[in-house]
Amino acid sequence: MDIATSADGTAIAYHVTGDGPTVVLVNGALSTAADAAGLADALVDAGFRAVTWDRRARGASGDARGSTPQREVEDLAAVIGAVGGDAAVLGHSSGAVLALVAASRGVPIRGLFLSEPPVRFGVDEPADDLSERLQALVDDGRPDEAVVTFQLESVGLPREMVDAIRASDQFARIVPLAQSTVYDTNLVREVSTPTPDVLDVRVPVTVLRGQQTFPVLVTAADRLAERIGGAELVIVPESVMHRPDPAATARVVRERLA
């Protein structure tokens, strides 16, 4: 992986594959660049140059204590700059929120693809002190509990699903990402009720969601598409339960960037 240096000096690791117009992928919670490999491959097959990257506090990227949503915006700007400065952005889940915030703050993006952004418009929001409690768990050497708390209170997964994840081989892989749960919580909370600036982005916006996904994400995608002027809502039947189908998602991107 190559390294882009963010505005605060943090090293952000990224990987480029393929040729064609550039699409930068932005992962959601508890994931790294490796988790986007399937989607990147599908974009390459569709004729794009795909960029995956580790958001701060994940994978091969660095971190800085007390990082804010603005730091993550600067990270995305650094990656876009490092790959040539002309890119569309495809964000999934909290990554879609980051992409939207970045566009609203002037990061040069020529097209936004927002896959199931978890904005709640003020309904059933997580507790105001969640990020502080997550940080306390990380600082206390209990990253596993931070991950579980995030899944229960921020993502809203049922206890039995979280228990199953904890008992699986997957859990050991995501525990090292515990610090990033603090950043995701703060990022989404900042614009969970979208601000006027966020709703007034001046780039083409496509909001994607599966036909079968969590009800809160159906509401979020539909309302966000209604509120952003000129935004298009695309329902992707192949994407199921908050998992974007690589080939179908790449097809949506190709049809709008061709």
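This briefing covers charged side chains and their partners in one structure. The model is predicted: local features need pLDDT of at least 70, side-chain atom pairs count only at pLDDT 80 or more, and totals for chains, interfaces and linings use all residues. Residues are numbered from 1 along each chain as its sequence is written, and side-chain values use heavy atoms, with hydrogens and water left out.

**Salt bridges**

- The whole structure holds 21 salt bridges, each a side-chain nitrogen of Lys or Arg within 4 Å of a carboxyl oxygen of Asp or Glu.
- Arg159 pairs with Asp163 at 3.7 Å, N to O; both lie in helix α6 (residues 159-166), four residues apart. Helices (H or I, at least four residues) and strands (E, at least two) are DSSP runs, numbered from the N terminus.
- Asp222 and Arg209 form a salt bridge with their closest N and O atoms 2.8 Å apart. This pair links helix α10 (residues 215-227), which holds Asp222, to strand β7 (residues 205-212), which holds Arg209.
- Arg209 is buried at 10% relative accessible area, while Asp222 is partly exposed at 21% (buried is under 20%, exposed over 50%, partly exposed in between; 1.4 Å probe, protein chains only).

**Asp54**

- Asp54 lies in the loop between β4 (49-53) and α2 (69-82).
- Asp54 is buried and has no salt bridge; Arg58, the nearest side chain of opposite charge, is 7.4 Å away. Lys and Arg count as positive and Asp and Glu as negative; His and the chain ends are not counted.
- Beyond its neighbours within four places in sequence, Asp54 has contacts (heavy atoms within 4.5 Å) that include Met1, Thr32 and Ser61.
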